[in-house]
Amino acid sequence: MSTTFQLDTSTSRANPTPKPRKRLTVPRIRDHKKDGQTKEPLVMLTAYTARQAQLLDAHCDILLVGDSLGQVIYGLDSTLPVTAEMMIAHGAAVVRGSYHSLVVVDMPFGAYEKSKEQAFDTASRIMADTGCAAVKLEGGEAMAETIAFLTNRGIPVMGHVGLTPQAVNVLGGYAARGRSQQEHEKILRDGKAVQDAGAFSLVAEGVIEPIAIALTQSLEIPVIGIGASAQCDGQVLVTEDMLGMFERVPRFVKRYEDIASVIDKTVAKYAEEVRDRSFPTEEQTYQPKG
């Protein structure tokens, strides 16, 4: 039994709550795939706040504190301006708000590419300051040496190949990858290089489905798809996308709800009641005693 900080939904505050430490571990995620097969796909969603993590935790195997927070939370036009400080602040909040899911934090652009030593400094800081279990970084063969350097020093790494948003300027946009034979072969090489370097799992984003299936079948580690294939070993989406917080979403997103409309209607009702002075009522105000 250990103590973790959980949100008290009756007060909207984080309070220490005794909870058995049943959090999934890196070995358990890696071993989810046995002999090249995954019986039950892994469920992964992004999370950026403690309350969001609390709501997602019971349903997910992995919570990803993605650098997509740059666009989703901060309104940036890409993930490139995201800093390590931003990732650490949100990563720590997600760890505080969860106790079951494995928490993985993205390494931001420019914080790991220069050298394997730079990557270690950033990754070790992220893990120490957030309490997360692993980091994720983009890149295949080019990052294999860095991945090996990190894993050999006790930092679990989730890889990311295919469409890599941090390389959007080199790729020329967010189009699906793998349409040419050259790209097809590169994605397969990248996946194997990441696996051989010691990564415990791999995100395959925006790749043509036959390639996603071939990649999944060729690797012993779990391949988590986003815009890939239902035949991958798991799936991940940006939570705000699948909840319908934005009007425009990538083709590979299924909008399971229209939360934006719910918020709009609710706030419109609040504004109406404020303006006609029907809120607050006696139930929401303090009256003299006696």
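# Worked exercises

In a salt bridge, the side chains of Glu-141 and Arg-189 come together at 3.4 Å from N to O; the term requires a side-chain nitrogen of Lys or Arg within 4 Å of a carboxyl oxygen of Asp or Glu. The two partners join distant parts of the chain, 48 residues apart: Glu-141 lies in the loop between strand S6 (134–136) and helix H6 (144–151), and Arg-189 in helix H8. Helices (H or I, at least four residues) and strands (E, at least two) are DSSP runs, numbered from the N terminus.

The model is predicted, so local features need pLDDT of at least 70 and side-chain atom pairs count only at pLDDT 80 or more, while totals for chains, interfaces and linings use all residues. Residues are numbered from 1 along each chain as its sequence is written, and side-chain values use heavy atoms, with hydrogens and water left out.

## Exercise 1

Determine which parts of the chain the salt bridge between Lys-33 and Asp-233 ties together, and whether Lys-33 is buried or exposed.

*Step 1.* The closest N and O atoms of Lys-33 and Asp-233 are 2.9 Å apart.

*Step 2.* Lys-33 belongs to the loop between helix H1 (26–30) and strand S3 (42–46), and Asp-233 to the loop between S9 and strand S10 (234–237), so the bridge ties together parts that are 200 residues apart in sequence.

*Step 3.* Buried means under 20% relative accessible area, exposed over 50%, and partly exposed in between (1.4 Å probe, protein chains only). Lys-33, at 5% relative accessibility, is therefore buried. Asp-233 is likewise buried, at 4%.

*Step 4.* The structure holds 12 salt bridges.

## Exercise 2

State which residues UniProt lists for "binding site", and explain why they can be said to gather at one spot.

*Step 1.* The unreviewed UniProt entry lists Asp-67, Ser-68, Asp-106 and Lys-136; UniProt positions are given in the numbering used here, feature names are shortened, and annotations may be inferred rather than shown by experiment.

*Step 2.* These residues span 70 residues in sequence, yet no two of their C-alpha atoms are more than 12.5 Å apart, so they gather at one spot.

*Step 3.* Asp-67 sits in the loop between strand S4 (62–65) and helix H3 (69–72), and Asp-106 is in strand S5 (residues 102–106). Both are buried: Asp-67 at 5% relative accessibility and Asp-106 at 4%.

*Step 4.* Contact means heavy atoms within 4.5 Å. Leaving aside residues up to four places away in sequence, Asp-106 touches several residues, among them Asp-67, Met-87 and Lys-136.

*Step 5.* For "active site", the unreviewed UniProt entry lists Glu-205. Glu-205 is in strand S8 and is buried, with a relative accessible area of 10%.

## Exercise 3

Identify the buried residues of helix H9, and explain why they line one face of the helix.

*Step 1.* In H9 (residues 209–218), the buried residues are Ile-211, Ala-212, Leu-215 and Thr-216.

*Step 2.* Viewed down the axis of H9, the buried residues fall within an arc of 135°, so they line one face of the helix; the arc is that of the directions from the helix axis to the C-beta atoms.

*Step 3.* The face turned away from the buried side carries the exposed residues Pro-210 and Gln-217.

*Step 4.* The buried residues of H9 pack against strand S7 (157–162), helix H8 (181–196), strand S8 (201–205) and strand S9 (223–226).
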